[in-house]
Amino acid sequence: MNLPGALAHTSSAVGRGLLAGLIGTVAMTVSSTTEAKLRGRGGSSSPADAAGTVLGVRPKDSTAEQRFSTAVHWGYGTSWGAVRGLLGAAGLCGPAAAAAHLALVWGGEQVALPATGTSPPAWRWGVTEVAVDLWHHAVYACATSLAYEWLDRR
């Protein structure tokens, strides 16, 4: 494949990945919202806290905090879809692509949250909390990969 063809292929895969990431974020939102209601807990502020630390954003009140948290949730999930698109452009597909995507997304969280001081390392969470967090990220990775594969059908 020539350079313009390779660039077109890659950019198309990234675009499909972004849409797939949005779909995966919907699935993760349903999963985590349902789980939170069943367990009687509130939503996690860790992703927004980490983004706020990195970006220097400090919402002025609880309404602004909620808006920022929502923007981070949807932006983060959608943008990680681009990585799934790059995996597809590199030729990875099916369960192997979903597993690689899960490892990158969840692994990234496990590095970023403690590094920004917004969450302790996973080994301090307890088995149940690690399992629940991994479950939600697996829902995201599987839904994103299924959506990507559907969008990438030829």
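In which helix is the place of Ala36? Ala36 lies in helix α1, residues 3-39, where helices are DSSP runs of H or I with at least four residues, numbered from the N terminus. The model is predicted, so that local features need pLDDT of at least 70 and side-chain atom pairs count only at pLDDT 80 or more, whereas totals for chains, interfaces and linings use all residues. Residues are numbered from 1 along each chain as its sequence is written, and side-chain values use heavy atoms, with hydrogens and water left out.

Ala36 is buried, its relative accessible area being 9% (buried means under 20%, with a 1.4 Å probe and protein chains only). Leaving aside residues up to four places away in sequence, Ala36 touches Arg41 and Gly42, contact meaning heavy atoms within 4.5 Å. A separation of 35 Å lies between the C-alpha atoms of Ala36 and Arg153, which are 117 residues apart along the chain.

Helix α4 (residues 94-115) packs with helix α3 (residues 62-89) at an angle of about 135°, the axes being 10 Å apart; axes are lines fitted to C-alpha atoms over the stretch in contact, and angles run from 0 to 180 degrees between N-to-C directions.

Buried residues of α4 include Ala97, His101 and Trp106. The cover over the buried residues of α4 includes α2 (46-55), α3 and α5 (127-151). After α4 comes Gly117, with a positive phi near 75°.

Note on methods. Helix = DSSP H or I, 4+ residues; strand = E, 2+ residues; numbered from the N terminus. Buried < 20%, exposed > 50% of the residue type's maximum accessible area, 1.4 Å probe, protein only.
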